[in-house]
Structures are given as structure tokens and as C-alpha cells.
Amino acid sequence: MNPPFCPLLILLGLTCPLHVFAFGSGKVEASCSSMEPKHHSTAQILPAPYNITVSQKTYTAGENITVTLTSNSDTTFFEGFLLEAREASNGDKALGSFVISDPDTQTLNCFNTSNTAVSHTSNKKKTRIQVTWIAPKDTTSDILIKATVAANKLTYWTNVQGPRLSFRGATNGTVTAANNGIINGATNGTISGANSGTVSGANSGTNNGAINGTNNGAINGTSSGSNSGPIIIMNPAVYCGLFMLVALLK
């Protein structure tokens with residue numbers, strides 16, 4: 001005979017919050033915004049025994065950066081984690097996207113955008129996971145890779161941070177020194193010096209104020225391009241000498 005309380009147990013099982021079961025599977029989209037687990041416990045206040053490292057500390061749009069989450073020792077494990085990239089100054093949503101190859105990781109669709117976070121796939125004990133973060137194309141802000149890391153269901157740390165990533169701009173052009181001048185960027189080219197002058201952008205080539213040509217320098221002035229060859233300015237003394245020579249020949 002079935003126990004009289006069996007229907008009550010079934011009802012409780014159906015109404016139990018889904019996040020209670022989400023820890024082991026890593027499907028923690030409910031925590032995307034706060035990065036706070038739904039574990040019915042509070043975060044640890046002591047320093048986390050985990051570290052986040054990155055392959056480089058600067059980024060450009062669309063660049064791949066390797067991100068590694070590790071324990072401080074081989075005997076310190078973690079079972080769960082949630083990893084996101086946030087704007088360093090008060091970032092409230094995930095930036096960029098992640099690519100995974102580690103079998104202990106999976107991407108999540110946070111903030112209605114694909115692959116914007118990474119979490120665990122099971123509560124297997126781990127000491128290290130590694131993923132690739134792809135930098136966004138619509139921001140130049142400093143960025144932090146942040147994580148919530150759970151040693152187990154009741155013991156976890158929030159706001160575990162990696163090094164600050166700074167935007168370094170485009171990589172296809174080289175801009176070299178200017179003294180008291182203004183250099184306005186180049187695409188696929190090189191802009192080189194000016195003294196107290198203004199040099200304006202270049203496309204495809206070496207530019208001291210020229211587009212598709214070579215025009216060397218300006219001192220106390222503005223250099224603005226040459227399309228067909230060098231510009232030769234004669235010394236006034238040369239003009240005088242030529243004038244006298246013509247007069248004598250007559």
C-alpha cells in the first residue's frame with residue numbers, strides 16, 4: 001500500500017526551484033547578471049584560493065585571448081564556476097564571447113547573447129580550466145575577466161578577478177614620433193614625424209602628410225600631400241644669378 005504522504009512528496013518535487021538542481025549541470029543562466037549562485041548560502045569573505053590569468057593584458061577588437069582559471073594548489077579543488085568578461089568600471093553585462101575546447105566547460109547565453117559566459121558541465125573536482133575569450137568590436141573600455149568559483153555547493157567565492165585588459169587600438173598601422181604636431185591615424189601605413197606641424201592620415205604607404213605619395217616633412221607649417229613627385233623650391237639667390245647670366249648673354 002502506498003504511504004498516504006506520497007502525493008505530497010510528488011507535489012514538493014514538482015514545485016522545487018529549478019536552480020537547486022542547476023549546480024551540477026552548470027546551467028546557471030539565472031545567475032548571469034549578479035554572478036551570485038542560488039545555493040542558499042553566502043559567499044566567503046576570505047581571499048579566494050583561485051586565480052585567473054590571461055595570455056596578454058591588452059586587446060584589440062576581435063582578438064583572441066587565452067583565459068585560465070586555476071586553484072592555488074594541487075590539493076585545492078573547485079566543482080563549479082561562472083566566468084564572464086565585464087567592463088572594469090561598473091560593468092553590468094558580459095562583453096565579448098567565449099570559445100571552449102575543455103570538456104569540463106560549456107558556454108552560456110547570458111543577456112540574450114550567445115557564448116557570453118562559461119560554466120562547468122559537472123561537479124567533478126577540478127584544479128584548472130582554460131578557455132578563449134574573443135574581444136568585442138564595439139568597446140574600447142578596460143575589461144576584467146571575473147568569476148564566481150564554488151569549492152562545493154555551500155562554499156563559494158564571488159568577484160574573483162583576473163588582470164585588467166586595456167584597449168590598445170588598431171594593429172595595421174605604425175605611428176611614430178611627432179614633436180609639437182598632430183598626427184591623425186593611418187590605415188595600413190606609416191606616419192612619421194613632424195615638427196610643429198600637422199600631418200593628416202594616410203592610406204597605403206608611407207606618409208608625411210601625403211596620400212599615395214611621398215612628401216617629406218614640414219617645419220612650422222602644414223604638410224599636405226604630393227601625388228606625382230617631389231616639390232622643388234629654389235633659393236632666391238639662384239634666381240638672381242640666372243637673371244644676371246641672361247642679361248650678360250644679351
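In what order do the 4 strands of the open antiparallel sheet stand? In this predicted model, the order is β1-β3-β8-β5. The edges of this sheet are taken by β1 (50-54) and β5 (97-100); each has a single partner strand, so one side of each is left without a neighbour in the sheet. From one strand to the next, the twist averages 30°. Within the sheet, β3 (residues 64-71) and β8 (residues 128-134) run antiparallel and are joined by 7 bridges. In this pairing, I65 is placed opposite W133 of β8.

A further open sheet is built from 6 strands, arranged as β2-β10-β9-β4-β7-β6. Its pairing is mixed, in contrast to the antiparallel pairing of the 4-stranded sheet. Here β2 (58-59) and β6 (105-108) are the edge strands, and each of them pairs on one side only. Strands β9 (residues 143-150) and β10 (residues 156-167) are paired in the antiparallel sense, with 6 bridges between them. Across this pair, A147 faces V160 in β10. In general, the strands of a sheet pair through backbone hydrogen bonds, in either a parallel or an antiparallel manner.

The pocket analysis is considered next. For the second largest pocket, the computed volume is about 180 Å³. Its lining comprises 13 residues, and those nearest the pocket centre are K93, A94, L95, G96 and T113. Sorted by class, the lining of this pocket consists of 5 nonpolar, 6 polar and 2 charged residues.

The average pLDDT is 74, and 58% of the residues score at least 70. Over residues 3-21 the pLDDT is below 50, and this stretch has 5 contacts in the model beyond near neighbours in sequence.

Note on methods. Residues are numbered from 1 along each chain as its sequence is written. This is a predicted model: local features need pLDDT of at least 70, side-chain atom pairs count only at pLDDT 80 or more; totals for chains, interfaces and linings use all residues. Side-chain values use heavy atoms; hydrogens and water are left out. pLDDT is the predictor's confidence in each residue, from 0 to 100. Contact means heavy atoms within 4.5 Å. Two strands pair if DSSP finds at least two bridges between them. Helices (H or I, at least four residues) and strands (E, at least two) are DSSP runs, numbered from the N terminus. Axes are lines fitted to C-alpha atoms, for helices over the stretch in contact, and angles run from 0 to 180 degrees between N-to-C directions. On a 1 Å grid over the protein atoms alone, a cavity is a set of points where a 1.4 Å probe fits but cannot get out, and a pocket is an open set with protein on both sides within 12 Å along at least five of seven lines; lining residues have an atom within 4 Å of a point. Grid points are joined across faces, edges and corners, and a volume is the space filled by probe spheres set on the points. Ala, Val, Leu, Ile, Met, Phe, Trp, Tyr, Cys and Pro count as nonpolar, Asp, Glu, Lys and Arg as charged, and the others, Gly among them, as polar.
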